[in-house]
Amino acid sequence: ISSTINDLSSAEARRMNNYFVMKVSIVFGILLVISISAEAKKTKRKGKKPSLPVCKKADIVQLENALKADITELGNTLKAGDSELKSLLESDIAELKNDNTEIKSALSDMETKLLAKLGERQDKLALTIDSHWRDITGACIESNNNRIIDSVGTMDDCKKLCENEEDFECRSIDYHACDRRCQLSVKYSGNNPIKDPCHAGPKWNYAELVKLQNQQCSYNLVNDSNWRDITGACIENNNNRIIDSVGTMDDCKKLCEIEDDFECRSIDYNACDRRCQLSVKYSGNNPINNPCHAGPLWSYAERQ
């Protein structure tokens with residue numbers, strides 16, 4: 001398009017230059033005729049011989065014909081320039097229309113794909129964005145497992161599996177930290193009774209998705225963006241406080257956040273033993289063991 005604009009600018013410049021030269025010639029010729037005629041009349045009134053030769057009629061006719069020819073040539077030049085300019089503009093307009101059609105087609109395809117993707121994820125987004133997890137330590141739902149998954153590192157990992165489930169609407173989990181077993185279910189406290197304590201033993205933990213529905217959440221949430229989790233890691237021999245019977249890793253994080261006696265920077269948590277260890281050490285001032293020297297049931301997290 002820029003080259004076309006340059007071509008148009010050059011054609012316009014040539015056309016204006018020719019027009020200017022022709023116009024100056026015409027004006028000059030007219031002024032010359034007027035000047036000679038005026039001088040002749042003035043000399044005639046004084047009875048003197050004209051100082052300038054009086055143009056003969058034939059000369060005036062010849063000059064008029066020359067002026068007419070110049071005007072005709074100027075008109076043809078302007079018409080040619082206008083035709084060339086029109087042709088270039090029509091070509092550019094046609095090219096822009098083609099480009100516009102291709103862009104519209106590409107945008108339409110992109111919109112269709114995005115809408116399809118959003119449609120697929122709508123239910124899942126409704127749960128993960130407009131919902132919150134409510135944990136009940138030591139509880140479970142009996143005999144309503146839609147999917148059982150083993151070797152799941154943490155309860156948070158089990159929750160993510162529930163959020164990403166596509167075959168059914170997962171509303172709750174049972175998680176056994178010692179066995180690392182994760183059980184997903186469509187049942188929750190709103191459509192099925194829960195066992196508290198769990199009939200299968202105290203090592204089970206229960207959590208369910210609670211839809212907020214534009215209501216203000218009353219739970220004390222941990223901001224996960226402030227924590228970096230490393231499953232199976234730990235810090236060795238740097239525990240400023242050890243707390244037992246801590247239900248979940250999130251509960252351990254909360255204890256770290258509200259610690260007043262020292263600046264707690266990291267936790268080690270054993271979900272099977274429900275032991276929470278708080279420390280001023282973290283990866284920025286002390287090496288971490290990954291995997292943990294004390295065994296695979298420990299998980300590590302530090303504040304960012």
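**View 1. Disulfides in the whole structure.** A search of the entire predicted model returns 7 disulfides. Three of them are described in the views below, namely Cys 140 with Cys 198, Cys 158 with Cys 182, and Cys 234 with Cys 292.

**View 2. The disulfide between Cys 140 and Cys 198.** The two sulfur atoms lie 2.1 Å apart. Cys 140 is situated in the loop between strand E1 (131-137) and strand E2 (147-149), and Cys 198 in the loop between strand E4 (181-185) and strand E5 (204-211), so the bond ties together parts that are 58 residues apart in sequence. The torsion about the S-S bond is about 85 degrees, and the disulfide is therefore right-handed. Both Cys 140 and Cys 198 are buried.

**View 3. The disulfide between Cys 158 and Cys 182.** Here the sulfur atoms are separated by 1.9 Å. The pair links distant parts of the chain, with Cys 158 in helix H3 (residues 155-163) and Cys 182 in strand E4, 24 residues apart. The link is right-handed, with 80 degrees about the S-S bond. Cys 158 and Cys 182 are both buried.

**View 4. The disulfide between Cys 234 and Cys 292.** The S to S distance is 2.1 Å. Cys 234 belongs to the loop between strand E6 (227-231) and strand E7 (241-243), whereas Cys 292 belongs to the loop between strand E9 (275-279) and strand E10 (298-303); the pair therefore ties together parts that are 58 residues apart in sequence. With 85 degrees about the S-S bond, this link is right-handed. Cys 234 is buried, its relative accessible area being 2%, and Cys 292 is buried with a value of 8%.

Notes
Residues numbered from 1 in each chain as written. Predicted model: local features only at pLDDT ≥ 70, side-chain atom pairs only at ≥ 80, totals over all residues. Heavy atoms only, no water. Disulfide = S-S within 2.5 Å. Helix = DSSP H or I, 4+ residues; strand = E, 2+ residues; numbered from the N terminus. Buried < 20%, exposed > 50% of the residue type's maximum accessible area, 1.4 Å probe, protein only.
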